[in-house]
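Open the model in your viewer and have the selection tool ready. The stops below go helix by helix.

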Amino acid sequence: MNVDFFIQNSYEVSKLITKKYSTSFSLAISMLNKEKRRAIYAIYGLVRLADEIVDSFHGHDKAFLLKKLDRDLKYALDNNISTNTLVIAFADTVNNYNINKKHINAFMNSMKYDLAKTDYSNHIDFKRYIYGSADVVGLMCLRIFCDGQQPLYKTLEAPAMRLGSAFQKVNFLRDLKNDALKLGRSYFPEITTSKFDRKSKKNIEASIKNDFDAALIGVRQLPGRSKLAVALAYYYYLCLFNKIKRTSYKKVLTKRIRISNIKKFSILLKVYVLYKIKLI
């Protein structure tokens, strides 16, 4: 056994974390080939760890733990080794796929915002947070999907960011109750400066729809099975978004909207057929 053996098994930890935390995302990832699949697992594992520190490690020194993660991550990126399995799998993926370090820094900065910033009263701050917490994660994944095809990466860069924004905003809209009551956060400027009602809900939904529409252009241009995997995630989130749109603003504040397993399976069948007959 050697360091390579440890690193390869670290990817398995990222895979386990992904499957335990998100069955829908795991299903989408399973459409990829083995190498791309484990790379996306590694990204999800690191992102999930940082997110858990700021969102659920209550009663512990979150600032210290996030700072330690940031320090461990930088060391791993420079030396390609860490005792933290999620960190080393991520660092190995970053080095293998030449993921831009500025995207990683932007992500960690957004996580730091969650330690102290509780509301976003203007769209500039909100957009900056979305960029760091979601858009750059989309760009990290895009680097893997394009696998060294730089012209394709540049073409799909903007749609990938819009997809990250759409997913994040849907999550925020679905988690309004938890974010407000448990975490004391308000992300949408429409709510921070006013109350959440029918009008503000429609304004937020219009923004999300624009992101989905812009992102679909990029999804259709992804190569190979990457298109199938991302399309599955896209249509799952679109289905979730449409269900939220049909739900009253009062119910959104009291209930976390979900998609049934039967519906998820029907989305899988639909997307697979669309992919096979080249309609996506």
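Select helix H5, residues 85-97 of this predicted model. Of its 13 residues, 10 are buried, so the rest of the structure largely encloses it. Show side chains for Leu86, Val87, Ile88, Ala89, Phe90, Ala91, Asp92, Thr93, Val94 and Tyr97: these are the buried ones.

Now check the length of H5. Its end C-alpha atoms are 18 Å apart, which agrees with the 18 Å that 13 residues should span at 1.5 Å a residue.

Next, select helix H8, residues 150-174. Its 25 residues reach 35 Å from first C-alpha to last, close to the expected 36 Å. Zoom in on leucine 156: a kink of about 45° lies there, shortly before proline 159. H8 is mostly covered, with 18 of its 25 residues buried.

The crossing of H8 past H11 is left-handed. On the H8 side, colour Leu156, Pro159, Arg162, Leu163, Ser165, Ala166, Phe167, Lys169, Val170 and Leu173. On the H11 side, colour Ile204, Glu205, Ser207, Ile208, Asn210, Asp211, Phe212, Ala214, Ala215, Gly218 and Val219. How do the residues of this contact divide by type? There are 13 nonpolar, four polar and four charged.

Notes: Residues numbered from 1 in each chain as written. Predicted model: local features only at pLDDT ≥ 70, side-chain atom pairs only at ≥ 80, totals over all residues. Heavy atoms only, no water. Helix = DSSP H or I, 4+ residues; strand = E, 2+ residues; numbered from the N terminus. Expected span 1.5 Å × (residues − 1). Bend = angle between axes of the 7 residues up to and from the residue. Buried < 20%, exposed > 50% of the residue type's maximum accessible area, 1.4 Å probe, protein only. Left-handed = near helix turned anticlockwise from the far one by under 90°. Contact = heavy atoms within 4.5 Å. Nonpolar A, V, L, I, M, F, W, Y, C, P; charged D, E, K, R; others polar.
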